[in-house]
Amino acid sequence: MRKYVKFLTGVVIACCVCLVVLPTFAAEELKPTTLTWIAGGVGGGWYTQAGGIARLINEKEPKIAIKVIPGGGVVNPVRVSSGECELGWGVPWVDKMAYNGISPVYKEPYPNIRAIGGIFGVSYLHFVAAKETGIKSVEDLAQMVKSGKAVKIAAPMKGTSDLVLTEFILSFYGISLKDIEGAGGKVFNAVYADMVSLYQDHHVDFVATYLALPAAAITEMSFSRDMTLLPVSEECVDELSKNLGTISRESGKCIIPAGTYKGQNADVLAVAGGNEIIANKDLSDLVVYTITKIICENVEQVHAIHEPLKTFLPERGWKDVAIPLHPGAEKYYREAGYTK
């Protein structure tokens, strides 16, 4: 009888332990749901990538249907935070600015955004200098401006997050685009195609532009006029990663490899930003868990959707984000053994 009581007690304890460690939504049934994913312009990379991932999710879990709509890096966190869209593409450092309400991009915080995972594609802030200038680094460019020399530079369009990132980097070196103009230089805010023309025609000697590798615009510039790709310092990369949410050096993804462009004989350290999937904080934990699980456990199919998506690594997906993880995503990464 005593042995039986001990056995029964052991069973009860074991059951209680199981009840404690079971997922909080173990008994919850996934209900049919339709979500809206705000991406980029119709036909663009973000739109195509979101559509491909949405189809994969629906194929693996028919109860989750996702509608993709056009959007953009600055507006996406706003619409996801408001609940107008449940999912979205985001640029980590832009999302961090939205989450905290950092000016000049945002006048107020949008705290209801959470991350599902990153890095889905990487873009780099390219600083190009005409070879005849003799400039070897962004720090050299800053010193040139500080010494009062006139600089002609093509920069991203006003109102874009690309321009904001350019200004943050220049600020690290103690200058601004206004300082360039104040020293007698010229700043041309231009789209990519116009940047190429401005550089080719010697209207500018420097270009700052945020693009993925290899950037067609930079390639075209390198064949039309000898150039030097300017590196930033490790301190610059580290500070912007810490304070702004750009990619860390530790990720190994802040290098523009030697040979990417004509005349580039060495690796160039650059400020880089990845893409992340964001969600509204109130989206069901079970839905986000399921989405994260499908993406991570079918990563080869994700990579096959579009070339930039090959940078996503499930074991780092939880780490390469700039805003808090959604609890559903966090739960998957923990269960998969990627984080504690």
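One aromatic cluster is formed by Trp37, Trp46, Trp89, Phe120 and Phe312. The model is predicted. Its aromatic pairs number 9. A pair of aromatic rings is described by the distance of the centres and the angle of the planes. For Phe172 and Tyr173, the ring centres lie 5.0 Å apart and the planes meet at 85°, so this pair is edge-to-face. Phe172 has 26% relative accessibility and therefore counts as partly exposed, whereas Tyr173, at 8% relative accessibility, counts as buried. Another ring, that of Tyr199, has the charged end of Arg225 over it, 4.7 Å from the ring centre.

The largest nonpolar core comprises 112 residues. Trp37, Leu87, Trp89, Leu165, Ile169 and Val232 have the most contacts inside this core. The element that gives the most to the core is strand 4 (residues 113-130), with 12 residues.

Trp37, a member of the aromatic cluster, is also among the core residues with the most contacts. When neighbours within four places in sequence are left aside, the residues in contact with Trp37 include Ile66, Lys67, Val68 and Ile69.

Strand 1 (residues 33-38) pairs with strand 2 (residues 64-69) in the parallel sense, over 6 bridges. Within this pairing, Thr36 stands opposite Lys67 in strand 2. Together with helix 2 (residues 45-60), strand 1 and strand 2 make a β-α-β unit that is right-handed.

Conventions
Residues are numbered from 1 along each chain as its sequence is written. This is a predicted model: local features need pLDDT of at least 70, side-chain atom pairs count only at pLDDT 80 or more; totals for chains, interfaces and linings use all residues. Side-chain values use heavy atoms; hydrogens and water are left out. Rings of Phe, Tyr and Trp (its six-membered ring) pair if their centres lie within 6.5 Å; planes under 30 degrees apart count as stacked, over 60 as edge-to-face and the rest as tilted. Buried means under 20% relative accessible area, exposed over 50%, partly exposed in between (1.4 Å probe, protein chains only). A charge sits over a ring if NZ of Lys or CZ of Arg is within 6 Å of the ring centre and within 35 degrees of the ring normal. A nonpolar core is a set of buried Ala, Val, Leu, Ile, Met, Phe, Trp, Tyr and Cys residues joined through side-chain atoms within 4.5 Å. Helices (H or I, at least four residues) and strands (E, at least two) are DSSP runs, numbered from the N terminus. Contact means heavy atoms within 4.5 Å. Two strands pair if DSSP finds at least two bridges between them. A crossover is right-handed if, with the strands pointing away from the viewer, the path from the first strand over the helix to the second runs clockwise.
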